[in-house]
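Please prepare a short briefing on the model shown below, with the main points grouped by topic and with the cut-off behind each term given once.

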Amino acid sequence: MLLKEIFDEIDKRQDEMVKHRRHIHENPELSFEEVETANYLADYYKGKDVEVTKNMGGNGLRVVIDTGKPGKTIALRADFDALPIQEETGLPFTSKNPGVMHACGHDAHTGYLMVLADILREKKDQLRGKIVIIHQHAEETPPGGAKQMIEAGVLDGVDNVFGIHVMSAVDYGDVQYHKGNTQTSRSKFSIKFQGVGGHGSMPHLANDSIVAASHFVTAVQTIVSRRLSPFENGVVTIGSFEGEGSFNIIKDSVRLVGDIRSMSDETREKIEKEIERIAKGIGETFGMEVQVECKNDYPVLYNDPAMTDLVVDAIKEADIKEVKKIYDGGPQTASEDFAYYAKERPSCFYFVGAKKEDAPYANHNPKFDIREDAMVICAKTLAAVTVKYLMED
């Protein structure tokens with residue numbers, strides 16, 4: 001049976017997945033700077049009977065496995081950029097690059113997909129259609145590698161796309177999915193309050209921008225509590241308040257930078273309008289100029305119901321020994337640029353538990369780590385999806 005053969009190969013090559021993951025973990029590169037990681041991936045596919053396109057939309061890599069037989073075309077995606085975080089794990093393969101760390105599992109995504117792609121290549125005579133492997137750069141930073149790779153043609157000829165994220169806070173052996181809107185959209189906003197600077201002993205001759213901006217920080221919290229329906233999902237975060245100065249000088253201007261998360265475009269637009277309304281209103285109240293900029297980074301990630309059903313059925317039918325539970329984990333509050341693929345093609349993005357009992361730290365934490373054998377679950381579940389997708393009408 002083909003799937004059993006693939007599973008046996010995955011078991012045999014688990015150490016290889018770990019080797020790739022640890023190499024990438026030791027040598028992390030930030031979004032849009034992943035030159036050496038891209039070269040490492042390209043070297044891996046050298047001399048193999050696949051079609052490789054390098055520098056796709058930036059540092060992305062597209063690998064095509066053609067069975068030579070007619071059929072559908074499936075795309076499998078993994079990201080490979082790191083984050084601007086100083087690692088504190090103490091791992092023997094800790095980051096060699098100060099201030100840069102794989103704190104979101106992208107090293108594991110890449111490690112398992114490299115090996116899975118090679119196994120599928122070896123078994124292609126028993127498959128039909130085409131498999132497109134998307135090694136994507138810059139998931140963490142807008143405009144995002146997905147958007148750039150799509151613009152460069154990575155989805156040309158592709159029918160559907162599938163991807164996985166490992167979850168360090170979810171139990172090992174658990175697989176989570178959700179239909180419909182699954183991960184939030186993300187917007188960034190920037191607001192400048194322009195007042196009049198002056199001496200701390202003469203506040204009546206100045207117009208204090210810190211006072212005005214502080215009123216905004218308090219007032220903006222009412223958007224979620226008083227402007228959204230209890231059935232709407234929305235989060236507004238002030239991430240930066242740039243008001244540093246001297247103890248006896250009244251600041252002439254302050255800039256705030258923040259984050260908007262929502263589970264629908266309508267909610268996002270409502271929040272953006274309310275932010276501008278409140279900021280401009282405070283500007284009127286305090287008699288100062290206010291500049292507001294909002295930029296939508298990533299859309300809501302929508303999981304196609306039919307593709308999600310296919311994922312669930314494939315995993316259940318495969319009876320993977322490492323999978324203990326598969327269930328609807330509900331929507332996720334984080335954002336993900338896989339959403340761009342899902343806007344272009346019916347797709348499914350699901351989640352694999354990788355919690356380490358001694359290190360249950362969430363994504364983007366300097367102590368983040370995963371159970372490496374979760375990569376086996378990633379590879380086996382995605383192999384089951386690929387075989388069912390390509391071989392069943």
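In this predicted model, the side chain of arginine 77 makes a polar contact with the side chain of glutamate 336 at 2.7 Å, and another with the side chain of aspartate 337 at 2.8 Å. A polar contact is here a pair of N or O atoms within 3.5 Å, where within protein one atom must be able to donate a hydrogen and the other to accept it, and where residues adjacent in sequence count only if both atoms are side-chain atoms. Because the model is predicted, local features need pLDDT of at least 70 and side-chain atom pairs count only at pLDDT 80 or more, while totals for chains, interfaces and linings use all residues. Residues are numbered from 1 along each chain as its sequence is written, and side-chain values use heavy atoms, with hydrogens and water left out.

**Arginine 77 and its partner**

- Arginine 77 lies in strand β3, where helices (H or I, at least four residues) and strands (E, at least two) are DSSP runs numbered from the N terminus.
- Glutamate 336 also forms a salt bridge with arginine 77, with the closest N and O atoms 2.7 Å apart; the term stands for a side-chain nitrogen of Lys or Arg within 4 Å of a carboxyl oxygen of Asp or Glu.
- This pair links distant parts of the chain, since glutamate 336 sits in the loop between β15 and α10 (339–344) and arginine 77 in strand β3 (residues 73–79), 259 residues apart.
- Both glutamate 336 and arginine 77 are buried, and for arginine 77 the relative accessibility is 1%; buried means under 20% relative accessible area, exposed over 50%, and partly exposed in between, with a 1.4 Å probe and protein chains only.

**Other salt bridges**

- Side chains of opposite charge can pair when their charged atoms come close.
- The structure holds 40 salt bridges, and one of them joins the side chains of lysine 321 and aspartate 11 at 3.5 Å, N to O.
- That pair, too, links distant parts of the chain: lysine 321 is in the loop between α9 (305–318) and β15 (325–328), and aspartate 11 is in helix α1 (residues 2–12), 310 residues apart.
- Lysine 321 is exposed, with a relative accessible area of 64%, whereas aspartate 11 is partly exposed at 30%.
- Arginine 13 and glutamate 16 meet through their side chains in a salt bridge of 2.9 Å, N to O, and arginine 13 is buried, with a relative accessible area of 13%.
- A network of salt bridges links Arg13 and Glu16 with Lys48, Asp49, Asp118, Arg121, Glu122 and Lys124.

- The domain assignment gives domain 1 (1–183 + 301–391) and domain 2 (185–297), with bounds that come from an automatic or database domain assignment.
- The centres of domain 1 and domain 2, taken over C-alpha atoms, are separated by 38 Å.
- In domain 1, 11 residues are in contact with 5 residues of domain 2, where contact means heavy atoms within 4.5 Å.
- The two domains bury about 650 Å² between them, 44% of it on carbon and sulfur atoms; buried area is the accessible area (1.4 Å probe) that two parts lose on being put together, summed over both.
- Pro142, Asn181 and Ser335 supply 54% of the area that domain 1 buries against domain 2, more than any other three residues.
- Between domain 1 and domain 2 the count is 0 salt bridges, but there are 4 residue pairs in polar contact, both residues being at pLDDT 80 or more.
- Strand β7 (residues 180–183) gives the largest share of the side of domain 1 that touches domain 2, with 3 residues.

**Backbone geometry**

- Most residues other than glycine have a negative phi, and most peptide bonds are trans.
- A cis peptide bond, with omega about 5°, joins proline 142 and proline 143, and proline 143 lies in the loop between β4 (130–136) and α5 (145–151).
- Phenylalanine 32 has a positive phi of about 70° although it is not a glycine; phenylalanine 32 lies in the loop between α2 (14–26) and α3 (35–45) and is partly exposed at 32% relative accessibility.
- Aspartate 319, likewise not a glycine, has a positive phi of about 50°; aspartate 319 lies in the loop between α9 and β15 and is exposed, with a relative accessible area of 65%.
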